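This report looks at how the two chains of a protein model are held together and at how a few local sites are built. Please keep the sequence and the structure in view while reading.

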Amino acid sequence: MSIQIIKAGILDTVQDGGRFGYQHLGINPSGAMDKYAMYIANALVGNHPEEAVIEMHFPASVFLFGYPALIAISGADFSATINGDPVAHLHPVWVNKNDVLQFHRPVYGARAYLAIAGGLDISKWLGSYSTNLKAKAGGCHGRNLQKGDEILLCQSFPSTPGQSEFIVLPWKADDQREDIPNEIWVLPGHEWHRLTTESKENFTMTSFVITQQSDRMGYRLNNIPLPAMTNEELVSSAVSFGTVQLLPDGKLIILMADHQTTGGYPRIAHAITAHHSKLAQRRAGDKIQFRITEQAIAENLYLQQQQHLQQLRNACTFRLQQYFNG
Amino acid sequence: MNPPSFSYRIFPLGDSAITIDFGNCIDEQINISVLSRFFQWEQHPLAGMTELVPAYSSLTVYFDLPKVKKTAGNITAIEWMIEQAEQRLKENIFLQETPGKMMRIPVCYDSEFAPDIFRLAAANNISPEEVIALHTSKTYRVFMLGFLPGFAYMGQVDEKIAMPRKPQPVNVAADSVGVAGSQTGIYPLDSPGGWHIIGRTPWKLFDAEREEPVLLQAGDQVQFFSISKNDFREIQNSALLKESSQGDT
């Protein structure tokens, strides 16, 4: 029971909900950039929400299934095919032995997720399957997937009836694609007051381009410099996914899943957790716009997402049982 | 012991964490009280807490937003966590003055491993030998870990070898020993960095394969001692031998 990488993508890694409890040792949480998408993919195949998935960037790997499996693809739409035939996004898909999954075009978003029913048979490092690229640990040998890698699966699955074609199961997750994909809501950070009045205005009134120097650690933004009123140094303290730091040259960086555990740059804002998913789907070259919101709204939006996911899990469990146990 | 009289501020770090800030400074007494709270709260967590991150003069509490929201009632989860932290900060603190271990770490200050030692010496009008003597003269406190897995921020160095960090980061080899401001530290991994590199240790500060991947912890005491290039190679080789013999068994 395995899948094999027959062509490597640019940056495909094994990720899960993240490695928590080790930040006091400087070990960052890693984990899926778009956890919401990861939860959806896992729900579609009936997995535990935090089960290991494969996070893909474009161009993505080409996968060969060594065994039948139930899979789902979520997050970015890279126009997937199996054996050359288009395969629907956000559906459970039943594949056979020797099926080849590949991705052709980045239609939407930056990161796609592949979940496989039963999960990946790899060992955890410090309680998590996530790949920590810096520490070269976790996931598949602590690195991105390479040609020839074979990942064992935890669960065997029967072939499709007739064993010929893959089957797209007839239900779909509502991905609730955001209506304003470029708008990222933030809460003011502790050093927000350091910005001049003009900088504050520019922060919310102008848009910010995500530069090429953006990766799983963080997005560097190309913005008109935002001068601060003071450059008083800060001693290092904790920073988080979504923290917007002001660099000495007035440019901004948004910390993402592989962020450092601590930092000493002014924290002028924090992207709300409910918007981490849409932030993770923005690509280099995309423009984003910040909008300041408040804690109560941030909390409600996050809870709504969690409720939506729970409903999806319940529905998927029911549909999968019906489908396979009739 | 009575709670120390350090004043503090609590502020949100995004929607799912709060930071208790004891004053943006590098101060041993404040750091002792931060770590004491850290050890205490690790043993007796706040309700809904998922992770604690101590730093020089602050303690950050991450929490499970949906879980906390359920108990928070009419107030926000953040407000509820701040209230909880304020209550817990009134509890007696058991100061752990010497909670950590004492480590003597070998460092080879040979120029091959110390690309910045001449510049640092020149900037402070002393010789490289004096840099080595001063760097090995003190016992340092590990104030915190951060930046990279296992990167220990230690201090404080003699002011005669202090130097502001480089304006632009350069590539730094793993195990390099550096100075920035009044801090000293060891890069556990190859990384860009802005610290002035004055030597290298044959020890592994971080090893993902080890049961305890990280060698130093906040609260530990560290002394450096100077070794020759030969000693450096020997220690490195014996570590490799140990690894391969472990591999055989």
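## Salt bridges within and between the chains

Asp110(B), Glu112(B), Lys229(B) and Arg233(B) are joined in a network of salt bridges. The model is a predicted one, and a search of the whole structure finds 18 salt bridges over all chains.

| Salt bridge | N to O distance |
|---|---|
| Asp286(A) and Arg282(A) | 3.7 Å |
| Asp158(B) and Lys160(B) | 4.0 Å |
| Glu299(A) and Lys69(B) | 3.2 Å |

In the pair from chain A, the two partners fall into separate classes of accessibility: Asp286(A) is partly exposed at 23% relative accessibility, while Arg282(A) is buried, with a relative accessible area of 5%. Of the pair formed by Asp158(B) and Lys160(B), Lys160(B) is partly exposed, with a relative accessible area of 45%.

## The interface of chain A and chain B

How many salt bridges are counted between chain A and chain B? The count is one, and the pair concerned is Glu299(A) with Lys69(B), whose closest N and O atoms are 3.2 Å apart. Polar contacts are counted as well, and across the interface 14 residue pairs meet the rule for them, both residues being at pLDDT 80 or more. On the side of chain A that touches chain B, the elements that give two or more residues are strand 16 (237-238), strand 20 (267-271) and helix 4 (295-325) of chain A. Helix 4 of chain A gives the most, with eight residues. By type, the residues on this side of chain A divide into 18 nonpolar, 16 polar and five charged.

The size of an interface is often expressed as the accessible area that is lost when the parts come together. Here chain A and chain B bury about 3300 Å² between them, and 62% of that area is on carbon and sulfur atoms. In terms of contacts, 39 residues of chain A touch 42 residues of chain B.

Ser58(B) belongs to strand 4 (residues 58-63) of chain B, and it counts as buried because its relative accessibility is 3%.

In chain A, helix 1 (residues 35-44) is mostly covered, with nine of its 10 residues buried; among them are Tyr36(A), Met38(A), Tyr39(A) and Ile40(A). The cover over these buried residues includes strand 3 (53-56), strand 5 (69-77), strand 8 (92-95), strand 10 (108-116), helix 3 (276-280) and helix 4 of chain A. At the N-terminal end, Asp34(A) caps helix 1 of chain A, with a side-chain oxygen 3.3 Å from the backbone nitrogen of Tyr36(A). The helix is followed by Gly46(A), whose phi is positive, near 80°.

In helix 5 (residues 128-135) of chain B, the residues Pro128(B), Val131(B), Leu134(B) and His135(B) are buried. They lie on the same side of helix 5 of chain B because they cover an arc of only 120° around the axis. What covers them includes helix 4 (117-123), strand 6 (140-145), strand 9, strand 10 (183-186), strand 12 (196-200) and strand 13 (221-227) of chain B.

## A buried aspartate in a loop

Asp175(B) sits in the loop between strand 8 (170-172) and strand 9 (176-180) of chain B. Is this residue, Asp175(B), buried or exposed? At 5% relative accessibility, Asp175(B) counts as buried, since the cut-off for that class is under 20%. Its side chain makes a polar contact of 2.7 Å with the side chain of Lys204(B). Beyond its neighbours within four places in sequence, Asp175(B) is in contact with residues including Ile186(B), Tyr187(B), Pro188(B), Trp203(B) and Lys204(B).

Terms used
Residues are numbered from 1 along each chain as its sequence is written. Chains are lettered from A and ligands numbered from 1 in the order in which they are written. This is a predicted model: local features need pLDDT of at least 70, side-chain atom pairs count only at pLDDT 80 or more; totals for chains, interfaces and linings use all residues. Side-chain values use heavy atoms; hydrogens and water are left out. Helices (H or I, at least four residues) and strands (E, at least two) are DSSP runs, numbered from the N terminus. Buried means under 20% relative accessible area, exposed over 50%, partly exposed in between (1.4 Å probe, protein chains only). A polar contact is a pair of N or O atoms within 3.5 Å; within protein, one must be able to donate a hydrogen and the other to accept it, and residues adjacent in sequence count only if both atoms are side-chain atoms. Contact means heavy atoms within 4.5 Å. Buried area is the accessible area (1.4 Å probe) that two parts lose on being put together, summed over both. A salt bridge is a side-chain nitrogen of Lys or Arg within 4 Å of a carboxyl oxygen of Asp or Glu. Ala, Val, Leu, Ile, Met, Phe, Trp, Tyr, Cys and Pro count as nonpolar, Asp, Glu, Lys and Arg as charged, and the others, Gly among them, as polar. The arc is that of the directions from the helix axis to the C-beta atoms.
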